[in-house]
Every structure is written in C-alpha cells, then in structure tokens.
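Please look over the model below before reading the notes.

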Amino acid sequence: MFKDNWIQVLAELERKGEPCVLVTVVEHKGSTPRDSGTKMLVTEQGCYATIGGGHLEYKALQLARNMLQQGEQQMKVERFNLGASLGQCCGGMATIMLEPVVRARHHLVLFGAGHVAKALVHILATLPFRITWIDEREDEFPTELPAGVSKLVSDDPVAEIDGQPAGSFYLVMTHNHQLDLELCARILKRGDARYFGVIGSRTKRKRFDYKLKERGFDEAALARMICPIGLPEVIGKHPAEIAVSVAGELIAAYQQPAASATGGTVSERDEIADEPASVRP
C-alpha cells in the first residue's frame, strides 16, 4: 500500500516555513500509475508520498523543484501521454496540478520579549517570516505563540547568534543595554545579516558606535546597523505604533534584492531607549 502521509508533512512544513509544492493527479485516462486525486509533496530536498513513480513522477519532481528555485507562486497544470511522451508502458493519459502551498519565508531572529516585541510578533506572523524569538526570561513570553514563531529561552542569547542561518534578519530590543551591545558586536562580526536593526534613540546609537569602534568595527560595518529603527514618518511611542513602523521597515527590506538591503532610516523616537523600564521595550 502507498503511504499517503502528505497531510502531516504539510502541517510540519507550514510550521517550519519551508516552501513546498503539492502535486495532484487531477485527471487520468486509461492505464496510469495512480488514479485522480493522488497527491505528493515536493520540497527542495525531499519528496513525500507518491504519484506512482516512474518517469511521470520524475518529471513532476523536476517541474516542482524548478518552481521552488524560481520562487513561483502560480499554480500550473501539465498533461502527459504516458506512452508517447514519457516512454512508460502504461499507455494512459495523466494530468497533474502543481500548486505552491507554503510561501518562502525570511528568517527573523528577535531578541527581547518586551512590549514592542510582543506587539511586533503578531504583525510579523501575518507576513512571510519565520521567527526565532529569544529572551532569557521564560515568564515574559506569551502563553500562546502565533504560527511560525518559535521561542528560545536562553541563558546566553549572544551565543545563539552563531547557529542562525546565513542571510537572517535580526532585531535587537532587549531590556538590557549592555546585552544589546554584545548582541550587536556578535551580529556585526558574522557580517551576513540581510537586515540588522536595534531599537533605541540617536543617543544610544552614538554610544554604541563609539563602543563598537573601540572593538575594531569600522564605519562600513557600523553602517549595516540600523538604529533607530522604524519608518521616519511614524513618530509615536506606543508599542503598537512602533511595531507597525518597524514592520513597515522590514517589509521594505525583504522586498529589496538581498545585495541592496542595507542602510537605515532615522526615527524621531529619540528618547525611547531612555524611558522608564515600565514602558521601554
């Protein structure tokens, strides 16, 4: 018997934000490896369930992986003569539908579980992000997390940077300025961030620039660090306002080609980092 476990696999791929294509036999005539309604899932590295094997499945895998490599989001329908065109002995006709069902997601590493981070996570969960949310304090995380968000309680958040995928997005917004500084130094040392933002005022930016230069980082490296973060037109200090502003900046970053997603904006929220701890992110 065929093991059609694609539903469970799809749920797991969705949780991880891993792109895939659902291949369905939508019509069959004559003798075919499997009947209409048969499905399989294709990722860049794997295949789950089967539409019967042979050259038909081989062609379906090729088409699906090409769609993944090209980032295509439109459904395709392909028809095959299993005798003449594919050299299979079945002799029937099969029509397959290839449907991208999980969007490619950008990986965001979010440090800090304060008010702004909590507001931001709910917005970003509706966008093409998968989020690793890191804080030292277990009790600061919400009881329930949105889909695509994984919490990581760590005694050493700085050490978690080394294991992140290349080209990740980083947001630093912890409750501790010294921890923010250490995180910044480690992220800059990696040098492969697609986006790197730090919440804070212009005063905080100047202080961090000075301290990071003392550690050997040059102007080119510091230019990759965005601080303050958020769209300059949004000057409100409410956590939801800041979250919307930062989300807008992140959207602008991922819509740019990877090579040019650098630089920064200047926010008018100069005093955010110097506010009392009760309202500071």
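The numbered points below go through these topics in turn.

1. This is a predicted model, in which local features need pLDDT of at least 70, side-chain atom pairs count only at pLDDT 80 or more, and totals for chains, interfaces and linings use all residues. Residues are numbered from 1 along each chain as its sequence is written, and side-chain values use heavy atoms, with hydrogens and water left out.

2. The largest nonpolar core has 28 residues, of which Leu 124, Phe 129, Trp 133, Leu 171 and Met 173 touch the most other members. At least two residues each come from β6 (106–111), α3 (115–124), β7 (129–135), β9 (169–172) and α7. The largest share, seven residues, is that of α7. A second, separate core of 24 residues includes Cys 20, Leu 56, Ala 60 and Leu 98. (A nonpolar core is a set of buried Ala, Val, Leu, Ile, Met, Phe, Trp, Tyr and Cys residues joined through side-chain atoms within 4.5 Å; buried is under 20% relative accessible area, exposed over 50%, partly exposed in between, with a 1.4 Å probe and protein chains only. Helices, H or I of at least four residues, and strands, E of at least two, are DSSP runs numbered from the N terminus.)

3. The structure holds zero disulfides (pairs of cysteine sulfur atoms within 2.5 Å). Cys 184 is in no disulfide, and its nearest cysteine sulfur, that of Cys 227, is 7.4 Å away. Cys 184 is buried at 0% relative accessible area, and Cys 227 is buried at 8%.

4. The peptide bond from Cys 227 to Pro 228 is cis, with omega near 0°. Pro 228 sits in the loop between α6 (219–222) and α7 (239–255). Ala 49, in strand β3 (residues 47–49), has a positive phi, near 70°. Ala 49 is buried, with a relative accessible area of 17%. For context, most residues other than glycine have a negative phi, and most peptide bonds are trans.

5. Is Asp 209 buried or exposed? With a relative accessible area of 18%, Asp 209 is buried. Asp 209 belongs to helix α5 (residues 202–214). Neighbours within four places in sequence aside, Asp 209 is in contact (heavy atoms within 4.5 Å) with Leu 222 and Met 225.

6. Val 26 lies in strand β1 (residues 20–29) and is partly exposed at 40% relative accessibility.
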